[in-house]
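Reader: Please look closely at one part of this model and describe it in a connected way.

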Amino acid sequence: MAKTSVVYVCQSCGWKSLKWVGRCGGCGEWDSTVEEYSNDSVGATSLSAVLDRQLPTPITEIKLQDCPCIEMGIGEFDRILGGGLVAGSAVLIGGTPGIGKSTLLLQVCQHVSQKGYTTLYVTGEESVAQTKLRAERLSVLSPKLLVVSETNLDFILENIHNTHPTLVVIDSIQMIYKPQLESSPGTVAQVRQCANELIFTAKSTGSAIFLVGHVTKQGIIAGPKVLEHMADTVLYFEGEKFQCYRILRVVKNRFGSTDEIGIFEMRKNGLHPVDNPSEIFISQGMRVSAGSTIIPCMEGTRALLVEIQALATKATFGMPERKVSGVDYNRVSMLLAILEKRIGLKLGGQDIFVNIVGGVHVYEPAADLGIAMTIASSFKEKPIPPDMVVIGEVGLGGEVRSVNQIEIRLKEAQRLGFKRAVIPKDNAKGLGKDFGIELIEICYLSEAVEIIG
């Protein structure tokens, strides 16, 4: 007879204790341990599993199996996955409630099923009738799209083996439970065990699987951290509550580049990829004003043109304020010190506000020169030419350092009609004179501030 014992498991990291403790001994989280029942029979290795196990094989004798990559027809989604959906891959996607995870995955199932492949959508939070209502609104109606409302892991695995789908969507992993485990759905033990068996099934059958995960207040996927290590690709769905744009960000990808982003627009009939994302981050038809600069930043392999806005105004309540949105606060503080020390701008008594238009976040050092020039422009009340982009990293001595992928950045600026670009002198060495955009080469931040006037 299987022996059942009580253990206390941290819901943040999975650390176990034989007695209740107020603070987790693994991650230091307070009041995160929950009572769970441990069954010693769960996870025991059966004789058939021992006989079917793989033996070590020389790498020269391993035969490559056909591992197709299916293009789903959603350009933004295909690009961030590395070209398409890899057979047998496990993709973990997380996001806040109502951000559009279920909507996006239903559309993915529709595109895959239209190519003649069978897809299985497993919903643990809705009935099949409720899923049908959303599908009709999205015009997602295909006989190759199978829907089942189930939370029992054993029944889900049975459906996968019976239908042999090319794509499986589990919505969501926190709702799935394994009957042999005594703990409730959503606990660390259940999430870890269910995800492990689903991913193993995907590898053995060749069916690609999407696992939808809830997120915590800190913005990370709920459950054990090992969940992200088990998955081949980890995606985070982001977006502001009052904006129609959504950003699908890659933080891990075994089949493509990391740090990629896909941008979608939420409409009444679903999510639509944005073909020209630079336009949504730049104010169109606005009058020229001080404190506004366009910079080309890199998100993975894509160049995006974003607008930086700054406001410098005299502090009236004693201690000057420093407020930033979309950029690193410590980086802005450093640039303010450089502007005051090396350029001579008296910013000590000024309230400084820096913002990135559109809600995008820019943390790469290549934005330093753009931020510094924007602050100087607002302080001097002199606008930066609207047909100019700014690129460069600023050192503590006021020198402007080179940045990577300069050609991709300049080509994106040229495509959108910009005529001039302020770049580091070191980056100009590898560029031809007939590049198609006027290059203003600088070595120090003081030279860039002189352009403003």
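Reader: Is the crossing of H9 and H11 left-handed or right-handed?

Author: The crossing of H9 and H11 is right-handed (the near helix is turned clockwise from the far one by less than a right angle). This is a predicted model, in which local features need pLDDT of at least 70 and side-chain atom pairs count only at pLDDT 80 or more, while totals for chains, interfaces and linings use all residues. Residues are numbered from 1 along each chain as its sequence is written, and side-chain values use heavy atoms, without hydrogens and water.

Helix H9 covers residues 368–380 and helix H11 covers residues 445–452 (helices are DSSP runs of H or I with at least four residues, strands runs of E with at least two). Their axes lie 10 Å apart and meet at an angle of about 45° (lines fitted to C-alpha atoms over the stretch in contact, with angles from 0 to 180 degrees between N-to-C directions), which means that H9 is oblique to H11 (neither under 35 degrees, nor over 145, nor 65 to 115).

On the H9 side, Leu369, Ala372, Met373, Ala376, Ser377 and Lys380 make the contact (heavy atoms within 4.5 Å), and they meet Leu445, Ala448, Val449 and Ile452 of H11.

Elsewhere, Asp232 sits in the loop between helix H7 (226–230) and strand E11 (233–238), and, leaving aside neighbours within four places in sequence, Asp232 is in contact with residues including Lys203, Arg254 and Phe255.
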